[in-house]
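Let us walk through a protein model together. Keep the structure in view as you read.

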Amino acid sequence: MKTLLRLLIVPAMLAAALGAQGQSSGFEKLDEWVEAWKEGQSTYFGYPANQQSSMRDFYQWYLSSGMESVNLNNAGDPMTDTPWPMSSQAFERDVIEYFAPLYGFALDDVWGIVTHSGTDGNNHGIYFGVNYLRNRTGLEPIVYVSDEAHYSNLRLAHLQNLEVRLIKSDLMGRMIPEELEKALDTGRPALIIYAMGSTFKGAIDDMPALNALLARHPEIPGIYRHVDAALFGGYLPFTRYRDMVSRTAVGYESIAISGHKFFGIDSPSGLFFCTREIYDNQSDFNVTYLNSNMRMISCSRDAVQPLKFWWLIKKVGAEGWARQAEQMMDCADYLKRRLDAIGWPAWKNEFSNTVFFKRPSPEIVARYTLAQGHDDRFGGDLAHVVVMQQVTREKIDGFIDALLADGDDD
Ligand SMILES: Cc1ncc(COP(=O)(O)O)c(C=O)c1O
């Protein structure tokens, strides 16, 4: 009887708690998970995810149009003139053509796809870079990447069985040009990965300085520069610092950006762009059964994520993203000022929405889902907040109060 009551009452209570917007799934475990998730969402400070995704009307349209009952697959190249009929490739191409100019790619000199994630974009950058350099020089390239760059780059280079040279970064997390110069093997092609927003410190490698260094070595048989701009590549194009991420302004061959970080896609996705020269110098994979030249790594590719991107371009667009970027950067400065004011050791790179600081107690780390790091040069244990759309001034005030109360408890 007790169990029966529980089965009837708990879902009803949860359904009520889910409120006007929510609807019980009829499964207690799922409803409890939704509740817990919503509670945690307001203090989700440590990771670069936009928790204010505006996909509600997309899902409503998707259901009402009946698209939830069909199987879509973007296998193949969205940039050809014959999109795969069972796909959303026509929309994927629109997405690529909308974003390409924001990264300084001319529409007649770009190839791109909507990826499964920032990591997937980095995988394409590294794979395309290696193929391009091998095809052009007949030599094996070396990968150079900073020790503060996202771990996916190292993992992917290992996966592709490449020689990697890890370059030391400075105190604030930028690759040190002199260290790159020391490590360069000028007899082999160089595949350089630039971090555009290192994961923990939010550092941007000084691409103009590093490019100038590479230009002083014309003897290097070939150079390919991939930019890992998973988070910063989302918001920088919508700020006055847009040139920092523009290929025409800084010079690079490919770039990867995550879709679920700044843009607000509600699950992993991303963007990858490279020049036509890079695309044209890949090994051919003519796949007869797909009637396609398959340059991309995955065969089946998600067809719904491009639709979500397309939807957000229409619904949020450049104006909305510019407003969000401004608020994030303003709040990141605000958080740094408030930490300084209470004497809590904190650091922030220019152009970054990431503030790192002395690590607070495990309770605060858990309550605010803070990401943790360690650097003896900054006194040891650290944590960071990535100021995304949901991290408002009001919430920052609450966080500072929590830090002060936590300090009082010591
Ligand atoms: C700089 C950087 N690159 C790559 C990634 C991986 O991106 P994704 O999680 O979209 O695979 C991250 C994730 O946080 C990142 O911070």
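In what order do the seven strands of the open sheet lie? The order is S1-S7-S6-S5-S4-S2-S3, and the pairing is mixed. Strands here are DSSP runs of E with at least two residues, helices are runs of H or I with at least four, and both are numbered from the N terminus. Two strands pair if DSSP finds at least two bridges between them. Strands of a sheet pair through backbone hydrogen bonds, either parallel or antiparallel.

Look at the edges of this sheet. Strand S1 (111-115) and strand S3 (163-167) stand there, each with a single partner strand, so one side of each has no neighbour in the sheet. From one strand to the next, the twist averages 15 degrees. Such angles run from 0 to 180 degrees between N-to-C directions, with axes fitted as lines to C-alpha atoms. Inside the sheet, strand S5 (residues 223-228) and strand S6 (residues 254-258) run parallel, joined by three bridges. Val 227 stands opposite Ile 255 in S6.

Before going on, a word on the model. It is predicted: local features need pLDDT of at least 70, side-chain atom pairs count only at pLDDT 80 or more, and totals for chains, interfaces and linings use all residues. Residues are numbered from 1 along each chain as its sequence is written. The value pLDDT is the predictor's confidence in each residue, from 0 to 100. Its mean over the protein chain is 92, and 94% of the residues reach 70 or more. Over residues 1-20, however, pLDDT stays under 50.

Now find the other open sheet. Four strands form it in the order S10-S11-S13-S12, with antiparallel pairing. Strand S10 (346-348) and strand S12 (371-375) are its edge strands, each pairing on one side only. The twist averages 30 degrees from one strand to the next. Three bridges link S10 to strand S11 (residues 354-358) in the antiparallel sense. Lys 348 stands opposite Val 355 in S11.

Step back to the whole chain. It has 15 helices and 13 strands. Its radius of gyration, taken over C-alpha atoms, is 23 Å, close to the 22 Å that the globule rule (2.2 Å times the number of residues to the power 0.38) gives for 410 residues, so the chain is as compact as a globular protein of that length.

Conventions: Contact = placed C-beta atoms within 7 Å.
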